[in-house]
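Reader: Before we look at the model together, could you show me how to read its features, beginning with the fold?

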Amino acid sequence: MPFDLDMLGGDLPVSSAFIFEVDGVTIGVFREVKGLKVELETEEIKEGGQNSYIHQVPGRMKWDNVVFRRGLTNNDALFEWFEHSSGEGFASKRNKLIRRTGAIVAMSYSGQRLRAWELIDAFPVRWSGPEFGTSKLEPLEEELEIAHHGFRTRTISSAR
């Protein structure tokens, strides 16, 4: 029996771009987002007299850093956010890190918001600019890596 897409409410969503927002302000549109995952560590408990198995119970949650990649643009919002969280920007705030709420929003080909993931207490930990070389025929890209304390998913009601 073939799989019926109508069981899922129609076509499977396909995203063509990802918007990254910080506290509701759009930082940029990205072509690639990596690291949006969570892992639940487990702890083993060996029970005396129970030799058939070892109990596994949930432990800490581990959230990977999220890495954004896009073509180079003339918008400096990405690098400015990094500057505010490090160096002189960090020192000017008396070495107090201001964590933000970030949101990754998957966009459809028609520009419709499909789904969002809110990064809790996010701050940038790495920015890298384009690699230059006269023999390279690749687009110039920049990359931003974000640390966070977890994420929540958010369904967008107009996605269908």
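Author: Helices (H or I, at least four residues) and strands (E, at least two) are DSSP runs, numbered from the N terminus. On that basis the elements of the protein follow the order β-β-β-β-β-β-α-α-β-β-β-β from the N terminus on, with two helices and ten strands. This is a predicted model, in which local features need pLDDT of at least 70 and side-chain atom pairs count only at pLDDT 80 or more, while totals for chains, interfaces and linings use all residues. Residues are numbered from 1 along each chain as its sequence is written, and side-chain values use heavy atoms, with hydrogens and water left out.

Reader: Which residues of the largest nonpolar core touch the most other members?

Author: In soluble globular proteins, nonpolar side chains tend to be buried together. A nonpolar core is a set of buried Ala, Val, Leu, Ile, Met, Phe, Trp, Tyr and Cys residues joined through side-chain atoms within 4.5 Å, where buried means under 20% relative accessible area, exposed over 50% and partly exposed in between (1.4 Å probe, protein chains only). Here the largest core has 19 residues, of which Phe20, Phe68, Trp81, Ile104, Leu119 and Ile146 touch the most other members. Elements giving two or more residues to this core include β1 (17-22), α1 (77-84) and β8 (113-128).

Reader: What is the phi of Asp121, and where is Asp121 found?

Author: Most residues other than glycine have a negative phi. Asp121, in strand β8, has a positive phi near 55°, and at 31% relative accessibility it counts as partly exposed.
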